[in-house]
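Dear colleague,

I am passing on the structure below, together with some notes on what was found in it. Please read the notes with the model open beside you.

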Amino acid sequence: MTLESSLALIGFAFVMSLSPGPGNFLLLSSGVNFGFGRSLPLVLGISCGFLTMVFGIGIGLGEILQRAPAILTVLRVLCAAYVMYLAWKISRIRSLGSGSDGTLAKPIGFVQAAMFQLVNPKAWAVAFILTVSYTDPENYLSSLLILIALFAIVNLPTISLWAVSGVALRRVLSTDTRLRLFNLVMAGLLIATMIPVLADRSLIGG
């Protein structure tokens with residue numbers, strides 16, 4: 001991978017990692033409700049889940065999915081259902097840290113976060129773009145691994161900013177009323193991110 005293509009990849013990774021989306025909204029909400037330390041498994045799960053997806057597409061999974069568009073339709077439905085579930089759980093948080101009254105008592109874990117990425121059609125779309133645009137056909141496997149490493153270096157600290165921003169908001173949202181309003185807004189934003197995913201059939205060849 002040339003220096004020019006590496007810089008282009010770093011720029012693309014930064015924009016994609018920083019831009020709003022369901023994963024980053026989850027990080028912001030988790031930072032507010034649980035702090036950064038308890039949100040770290042969510043950060044790692046989102047990043048590792050996505051990078052695993054990139055590797056899978058890079059070694060041939062993408063071609064299988066393109067030949068079986070029904071699988072992509074199922075991914076959209078699963079993603080929407082899971083996001084709705086997460087939005088419902090977030091909307092029920094009424095106090096910082098935990099909820100003994102049936103509200104979300106702990107942050108989303110590593111495995112849940114990774115699986116969420118694997119059923120996220122937008123993440124699949126970005127993964128396809130990465131493997132098509134930034135790999136070298138003459139040195140395919142090595143360029144794929146370099147791509148994944150560079151994306152990880154940019155992605156982890158960048159998405160962490162969303163959780164850190166949530167931590168910064170904790171003092172502002174220390175009252176139950178403000179926190180409940182914030183969590184309702186986050187739940188609404190999560191649901192809103194699924195509208196274009198379900199409506200746009202052009203995503204990943206659907």
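To begin with helix α1, its exposed residues Leu3, Glu4 and Leu7 sit on the face turned away from the buried side, where exposed means over 50% relative accessible area, buried under 20% and partly exposed in between, with a 1.4 Å probe and protein chains only. Please bear in mind that this is a predicted model, in which local features need pLDDT of at least 70 and side-chain atom pairs count only at pLDDT 80 or more, while totals for chains, interfaces and linings use all residues. Residues are numbered from 1 along each chain as its sequence is written, and side-chain values use heavy atoms, with hydrogens and water left out.

The buried residues of α1 are Ser6, Leu9, Phe12, Ala13 and Ser17. They cover an arc of only 125° around the axis, which puts them on the same side of α1; the arc is that of the directions from the helix axis to the C-beta atoms. Helices here are DSSP runs (H or I, at least four residues), numbered from the N terminus.

In helix α4 (residues 110–118), Ala113, Ala114, Phe116 and Gln117 are buried. Their arc around the axis is only 155°, so they too lie on the same side of α4.

The largest nonpolar core has 28 residues, and those with the most contacts inside it are Leu26, Leu27, Leu42 and Leu190; such a core is a set of buried Ala, Val, Leu, Ile, Met, Phe, Trp, Tyr and Cys residues joined through side-chain atoms within 4.5 Å. Two or more residues of this core come from each of α2, α3 (69–91), α4, α6 and α7 (176–199), and α2 gives the most, with nine residues.

The largest pocket holds about 420 Å³ of space, a volume being the space filled by probe spheres set on grid points that are joined across faces, edges and corners. A pocket is an open set of points on a 1 Å grid over the protein atoms alone, where a 1.4 Å probe fits, with protein on both sides within 12 Å along at least five of seven lines, and lining residues have an atom within 4 Å of a point. Of the 20 lining residues, Met16, Ser19, Gln117, Ala123 and Val126 are the closest to the centre of the pocket. Helix α2 gives the most to this lining, with six residues.

With best wishes
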